[in-house]
Amino acid sequence: MLAMVATTAGAQERHAYFGQTHQHTSWSLDAYIIGNTITGPAEAYQYSMGETIKHPAGFDVKIKTPLDFQGVTDHSEYVGVIRLANDPTSSISKLPVAEKLKVTKDNPAMKIFSWLAGTIATHKPVTELLDPQLAGTVWAQNNAIADKYNKPGTFTTFCSYEWTSMPNNQNMHRNVFFKDCSKVPQTPFSAIESDHPEDLWTWMDSQRKAGNEVLAISHNANLSNGIMFPTDVDSKGNPLDAAWAQQRMTNEPLTELKQVKGASETHPDLSPNDEFSNFEIMNYLIGIDNSSGKLHGSYAREAYENGLAMQESRGYNPYKFGVVGAGDSHNTVTAYSQSNFFGDHGLVDATPEARLAGTVASGMTILQTGTSGLTVAWAEENTRDSIFAAMQRKEVYATSGVRIQARLFGGWDYDKGLLSQDDWVKVAYAGGVPMGGDLPAADDKVPSLVVSAVKDPADGNLDRIQIVKGWTKQGQIFEKVFDVAWSGDRQVDPVTGKLPAVGSTVDITKSTYTNDIGAVELKAVWTDPEFDASQHAFYYARVLQIPTPRWSTYDAAKLGILPPSNISPTVQERAWTSPIWYTPSAQALAKADKGVTVTDLTNGGATALNDDQLKQLIGKTLKVRNTVTNQEFQILFGAAGKRVITELNGGAPKPDDLLQVMHTSLSGSSAAYEIRDGHIVTTIDGTPFEVTVYKNGDKYVGARSNEFGYANYEVQSVER
């Protein structure tokens, strides 16, 4: 008898609550200096509850549909000091240090911000501003406002803030949420105290021991320059281990997948076979114009895949996190709808003209920014306890700002006709696990997923539901996207395996669309046709809407001009569920091919080639077999420092095949390389990867540095 996770009666009655987990007001230093000088946390809650509020530029804004919950997450670093120092009714304005913070003709806001930001960057903070009496007063005011607007059953608020670590302009920010506003510390932990996430987690551990339940949500991994999801060392250079993984997952069960500064699901160069991966892509280093960051280590899907490989090879997985969507607007108010977009960054992008001008501000291309995402929690009731519990168990999901209602369950014995039953949700809970859960192993069975989506009543119809699967084998990572439910009578192409596009009703010049295509609701019971019980895997659902006009197209129509040619005029809004994970049983693992590790090679007497021996390969073509995929390819290391994949399985390599070929270039089959310290080093999208070649008797075997200690490449011949 297969034991499933027990569910309570309340679990069967969970509802979808839509909320905001990332909002800045004038209390944040950067928000104040870009023109948001008046509205604070109170106005943020008022807006989310449906009231009309002033935009920093002075015009009225109102949300189309009120939210169910929110946390205001102003930056903890010098939080509130400029705004409150310039408010004559504030007690902080009477303090001596306030004189340095008051905006005058000779002391403009930008000058004050530069001074304060400089003290953070140089690790020489203004000690008066860190006085617990001052910082504690601001924090207490923040929490009192949250309590004032908390209306259990109607609107839930959280005591929360943003920890703003940014080493060398690399985004490592986290939003920190407390379960109970009566159980919080005197002051929040800020990046002034430490910009290492490990120190934040240790502080959070101490808070939990003191009775203050807390969790963190990482965000904008896409701007982290590859350091958000490491696989080898932590932020202090220490090797990753099981304790690090456990501390991360205890404190950081969620990551933000979509916000105004782009999506962090995946990137076209990381998922070239995913036709919908090019969604709201942004990539830069914060504060540096015309910059770009490393892709590897910056996206959630790759982190999920690497986490599986780490579990397989090392016995721990730090990346079993759920997903949320949010804003990061610095306007106190947030735009969720493409047709009701009013910018994200104070006076910088407050008008259609400013937004379409092609401006770059602090490294950020305004035209690439977008609407806020939404966090959706499946909870029993709209209260702090219930929503916080949903976040902890990861029964939450992200949308790009629309109100798609999505569910995902995984189990072993779901009937194909389950969704025709009125009580299908009850049966799904009883017979499996919801999003965010772990699917127990079951020998000789294949998992089924139950997925359902209902459209946003005020937005576009649904195009399709997809299941994104990732898995690992012998240190290599793989992914595949399956279309499992779709609108209309489209048929999957038997040759390409692709579902035809849903079409488009968008009139770009008028910025209009109709719901003449698509579906109101989609659902399916899907069984993995490629399941291997010996492989670690994850599954999550991605729900796509039909194309609708992007905000930039609406702005262009308002101005009577054509939309910008360098950004897509349409967008396919979407929702992403948190994954469900599968871990093989001991019996399944015992039957699996163990592969060859570097340790196996060296214990058997194999030796690594040195630089001089590796240089003997230059100008020669190597015929290599990937022992995991059985792909055979030819690779030429040219004398000019370029290497080329010339053939794959007797033909030209495809982009998705190249992912599993030795150190591919994701824009083609050639890439630069160098021989250094006994390795063939290839840099791909800014990240260096190494191949170490071992001589094992009369054979050569290659090991890639990103395959977690496995040696998966047999060199079959070396030819001139």
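How much space lies in the largest cavity? About 70 Å³, in this predicted model.

**View 1. The largest cavity and the residues around it.** Let's start inside. The count comes to six cavities of 30 Å³ or more, and about 70 Å³ of space lies in the largest cavity. Its lining is made up of Trp 27, Thr 73, Asp 74, His 75, Ser 76, Val 79, Val 138, Trp 139, Asn 142, Ser 160, Tyr 161 and Pro 188. Sort the lining by class and you get six nonpolar, five polar and one charged.

**View 2. The second largest pocket and its lining.** Here we look at about 1,100 Å³ of space. A set of 38 residues lines this pocket, and Asp 30, Phe 113, Ala 117, Met 166 and Ile 286 are the ones nearest its centre. Helix 1 (29-33) and helix 4 (109-121) are the elements that give two or more residues to the lining; helix 4 gives the most, with six residues. By class, the lining has 17 nonpolar, 16 polar and five charged residues.

**View 3. Helix 6 crossing helix 7.** The axes of helix 6 (residues 197-209) and helix 7 (residues 242-251) come within 10 Å and cross at roughly 65°. The crossing is left-handed. On the helix 6 side, Glu 198, Trp 201, Thr 202, Met 204, Asp 205 and Arg 208 make the contact, and they meet Trp 244, Gln 247, Arg 248, Thr 250 and Asn 251 of helix 7. Those contact residues split into three nonpolar, four polar and four charged.

Methods. Residues numbered from 1 in each chain as written. Predicted model: local features only at pLDDT ≥ 70, side-chain atom pairs only at ≥ 80, totals over all residues. Heavy atoms only, no water. Axes fitted to C-alpha atoms, helices over the stretch in contact; angles between N-to-C directions. Helix = DSSP H or I, 4+ residues; strand = E, 2+ residues; numbered from the N terminus. Left-handed = near helix turned anticlockwise from the far one by under 90°. Contact = heavy atoms within 4.5 Å. Nonpolar A, V, L, I, M, F, W, Y, C, P; charged D, E, K, R; others polar. 1 Å grid on protein atoms, 1.4 Å probe; cavity = no way out; pocket = protein on both sides within 12 Å on 5 of 7 lines; lining within 4 Å. Points joined across faces, edges and corners; volume = space filled by probe spheres on them.
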